[in-house]
Amino acid sequence: MGVIGRPFAGTGRLDRDAVLALAEVNDTAALTQAAARLRDAGHPVAFSYSRKVFIPLTQLCRDVCHYCTFAHPPRKGQRAYMTRDEVLAVARAGAAAGCKEALFTLGDKPELRYAIVRQELAALGHDTTISYLAEMADAVFEETGLFPHVNPGVLTRDDIARLREVSISQGLMLESASARLCEKGGPHYGSPDKEPAARLETIRLAGELRVPFTSGILIGIGETRRERIESLLELRDLHERYGHVQEIIIQNFRAKPGTRMAGAAEPDLDELLWTIAVARLAFGPEMNIQAPPNLSPGVLPKLVGAGINDWGGVSPVTPDHVNPEAPWPHLDALTRETAAAGKLLTERLAVYPGYARKAEEWIGGRFRTPVLRAIDTDGYARAEDWSPGLPGSPPDLAIGVGKADGAFRAILDKASAGDTLSEAEIVRLFRARGREFAEVCAAADRLRRDVNGDTVTYVVNRNINYTNVCYFRCQFCAFSKGKLSENLRGRPYDLGLDEIERRGREAWQRGATELCLQGGIHPDYTGETYLDICRRLKSVLPDMHLHAFTPLEIWQGAKTLGKDVESFLRELRDAGLGTLPGTAAEILDDEVRAIICPDKVNTEQWLSVMETAHRLGLRSTATIMYGHVDGPENWARHLLRLRDLQMRTGGFTEFVPLPFVAMEAPIYLKGRARRGPTFREGVLMHAVARLALHPHFRNVQASWVKMGPEGVRACLDAGANDLGGTLMNETITRAAGASHGEEMPPEAMEAMIRSVGRTPKQRTTLYGDVPEGRVAASFGAGALEPVNLPRAIRYERPDDKPSPLIRPGLEA
């Protein structure tokens with residue numbers, strides 16, 4: 001198989017000598033097959049593009065490339081630069097059309113060639129084109145919210161640094177590393193900015209300054225195949241040194257009337273496919289490789305088959321000013337042609353997903369929050385309005401688009417057989433889109449049917465959040481109040497035992513079988529507080545199940561009494577505690593916990609409390625709170641840790657995904673978190689959990705409070721079999737900004753379940769049968785009495801001195 005056989009052995013790139021040897025390989029079909037397989041290892045389904053507007057700030061240039069019609073000398077009666085109003089008019093039209101990128105393309109340093117340009121710049125208040133570009137890029141972002149990407153030519157270090165403050169990415173086509181093309185008779189003769197050394201130095205400086213950078217080569221302008229490969233290797237060397245080259249463009253020369261190369265032969269399709277394949281083999285599976293779709297109409301699936309994974313910027317508003325003879329394909333047509341090649345067209349920002357996910361490292365400070373709010377977990381553009389807890393219709397997930405290959409289906413088969421998946425395999429399932437997404441959901445639904453049948457369970461319960469005063473500083477929590485919390489909105493309250501008892505009695509009268517008791521960690525609370533709650537409730541409601549106290553409360557309660565966790569759990573059990581809620585888990589991965597809840601119980605502590613509880617006969621739920629600063633790798637570790645513990649104890653009753661509700665959360669308001677999972681991610685969490693936790697978890701619950709009715713229906717077709725509680729009072733999610741209500745009475749719960757063709761059934765906390773009298777009491781229940789929220793006055797006074805505080809996450 002020779003050189004091109006090497007990629008078949010793995011997913012690594014070819015070494016330098018092997019890439020150079022490809023110059024002698026003429027079997028384009030074999031090259032493209034190898035390249036497509038390599039591409040699929042890094043980009044299995046999503047095929048990206050950026051929805052943009054093209055802003056040609058100036059078409060004057062000091063260079064005279066022999067193939068270019070974009071640049072021209074000054075023309076009588078025409079301004080050298082677009083005005084601010086003209087720039088903003090184009091940007092506003094783009095924003096109205098759903099664009100997210102403002103592409104600034106312009107000639108290189110025209111002020112060095114033309115006096116009239118210097119005069120116009122002076123009238124605009126600038127000395128250089130770069131200075132004016134910086135002002136316009138800043139104006140576009142401030143006025144329209146579009147993210148600027150700038151292609152201004154060869155730059156100094158100071159230029160790049162200045163533009164980094166007003167753009168999220170920059171670009172410069174290398175075109176060719178062959179100095180021969182700059183010699184007399186060559187296409188770059190007379191163009192000082194096309195000297196390869198100058199262009200490579202610009203790209204190198206961008207790497208030093210941590211700028212996500214776009215580059216590539218122009219083929220068919222007189223270079224040899226070996227020179228093309230040498231150009232690609234120059235770019236590869238810079239990327240391996242700095243990691244900043246976000247895409248490689250393979251652009252085919254198009255002859256244009258009126259240029260010196262009007263009669264030059266254009267590269268044929270085979271030459272383009274050959275070059276794309278060689279670029280993929282040179283750069284490996286992860287690099288983003290692009291070919292402009294408007295320059296190759298009618299053959300786009302062939303370009304996909306050669307190894308690209310991106311179409312670049314496509315504008316529904318502006319033409320391609322560099323190639324005005326080649327209109328952009330309509331996005332509907334581009335979607336169809338991409339699908340015909342087995343890929344799902346997926347929108348991105350000007351900055352590619354891998355860099356968007358690492359905004360702290362790669363993106364200037366002013367853009368970090370807007371980028372974070374504009375992306376999904378994988379770093380692609382968040383192309384939907386749906387958010388957890390808010391009203392709104394779910395988006396179209398294009399479930400018929402793309403393909404699922406044998407390796408992907410093998411993961412589904414492995415999970416369905418009950419075998420433990422690896423972290424990488426779970427991550428792969430979380431990245432499913434299009435048809436892959438549909439297959440994950442279908443596989444999870446088959447497991448659900450095998451395990452649970454078509455019965456959907458729920459419990460009639462009441463949430464009692466006994467205080468919202470909390471001294472922990474969880475960055476995601478909008479519920480806690482008081483001087484010590486991160487969130488100071490609202491009035492701190494602290495329920496006494498009489499009010500807790502009143503609510504419990506009322507819940508019993510309305511058919512409840514469970515009280516779910518959780519709250520903030522009040523500085524004055526000790527383990528005796530939790531014991532007193534259990535004793536009071538059990539003394540008046542002996543048949544009510546108490547589902548109470550997270551591992552954080554257990555840890556804090558034990559410490560305040562000077563006891564170990566096991567001793568304290570025994571006392572709680574003896575006082576009437578029935579089960580533990582699995583909240584405070586958030587993400588069971590300490591790299592995430594260090595950001596969102598550094599002083600809370602850590603991963604090991606949470607798991608330890610649960611293992612101890614299970615050993616004592618106290619079962620619990622397990623949760624995940626996701627969609628903020630986390631990602632699929634963190635989710636996979638979370639699921640594997642739960643699976644491991646469940647295999648040892650069997651103590652978890654169900655798994656409950658809790659999507660992050662962002663609207664009032666401190667970390668979101670500070671601009672440091674996404675706005676919750678997308679709808680696709682929300683549904684996938686339920687489906688992947690069903691697969692990854694099988695057969696050790698029998699029940700997967702969907703939260704109607706967070707997912708909403710439409711989201712719940714989707715989850716019931718993706719592995720979920722339980723809808724949790726009717727709640728009666730729900731305050732934690734409501735405090736975060738959710739609007740799906742505080743109670744789902746049995747009548748509404750069962751109607752929702754029947755709407756998807758399933759059979760509703762009330763259950764107990766431990767998934768047992770509910771006595772007929774309890775079921776009857778739950779229907780037609782009267783309205784709740786107004787709740788009493790006694791003010792926690794002490795924690796509103798600024799002269800207060802807090803009690804000694806237990807912070808387990810900081811003690812480990």
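Trainee: Why are Arg 180 and Glu 227 called a salt bridge?
Mentor: The term needs a side-chain nitrogen of Lys or Arg within 4 Å of a carboxyl oxygen of Asp or Glu. Here the N to O distance is 2.6 Å, so the pair qualifies. Arg 180 sits in the loop between strand E4 (169–171) and helix H7 (196–208), and Glu 227 in helix H8 (residues 225–242), so the bridge ties together parts 47 residues apart in sequence. Helices (H or I, at least four residues) and strands (E, at least two) are DSSP runs, numbered from the N terminus.

Trainee: What are the ground rules for these values?
Mentor: This is a predicted model, where local features need pLDDT of at least 70, side-chain atom pairs count only at pLDDT 80 or more, and totals for chains, interfaces and linings use all residues. Residues are numbered from 1 along each chain as its sequence is written, and side-chain values use heavy atoms, with hydrogens and water left out.

Trainee: Arg 180 or Glu 227: which is buried and which is partly exposed?
Mentor: Buried means under 20% relative accessible area, exposed over 50%, and partly exposed in between (1.4 Å probe, protein chains only). Glu 227 has 12%, so Glu 227 is buried. Arg 180 has 37%, so Arg 180 is partly exposed.

Trainee: What makes Glu 360 and Arg 368 a salt bridge?
Mentor: Their N to O distance is 3.5 Å. That falls within the cut-off, so the name holds. Glu 360 counts as exposed because its relative accessible area is 63%. Arg 368, at 26%, is partly exposed.

Trainee: What do we know about Glu 566 and Arg 615?
Mentor: Their side chains form a salt bridge at 3.0 Å, N to O. The pair links distant parts of the chain: Glu 566 belongs to helix H21 (residues 565–575) and Arg 615 to helix H23 (residues 603–615), 49 residues apart. Glu 566 has a relative accessibility of 26%, so Glu 566 is partly exposed. Arg 615 reaches 53%, so Arg 615 is exposed.

Trainee: How many salt bridges does the structure hold?
Mentor: The structure holds 67. A network of them links Asp 376, Asp 378, Arg 431, Arg 433, Glu 633, Arg 680 and Glu 681.

Trainee: Why is Phe 47 called buried?
Mentor: The relative accessible area of Phe 47 is 1%. Phe 47 lies in strand E1 (46–56). Contact means heavy atoms within 4.5 Å. Leaving out residues up to four places away in sequence, Phe 47 touches several residues, including Arg 39, Val 304, Trp 311 and Leu 344. Phe 47 and Thr 32 are 15 residues apart in sequence and 17 Å apart in space, C-alpha to C-alpha.

Trainee: What class does Tyr 114 fall into, buried or exposed?
Mentor: Tyr 114 has 15% relative accessible area, so Tyr 114 is buried. Tyr 114 is in the loop between strand E2 (101–105) and helix H4 (115–124). Beyond four places in sequence, Tyr 114 touches Leu 60, Cys 61, Pro 73 and Pro 74.

Trainee: And Arg 204, buried or exposed?
Mentor: Arg 204 comes to 19%, so Arg 204 counts as buried. Arg 204 is in helix H7. Not counting residues up to four places away in sequence, Arg 204 touches Leu 238, Arg 241 and Tyr 242.

Trainee: How do you know which residues lie nearest the centre of the second largest pocket?
Mentor: A pocket is an open set of points on a 1 Å grid over the protein atoms alone, where a 1.4 Å probe fits, with protein on both sides within 12 Å along at least five of seven lines; lining residues have an atom within 4 Å of a point. This pocket has 42 lining residues, and Gly 42, His 43, Glu 286, Asn 288 and Arg 357 lie nearest its centre. H8 gives the most to the lining, with four residues.

Trainee: How do you know how confident the predictor is?
Mentor: pLDDT is the predictor's confidence in each residue, from 0 to 100. The protein's mean is 92, and 93% of residues reach 70 or more. Over residues 480–489, though, pLDDT is below 50, and this stretch has 41 contacts beyond near neighbours in sequence. Residues 732–740 also stay under 50, with 39 contacts beyond four places in sequence. Where pLDDT is low, the predicted coordinates should not be read in detail.
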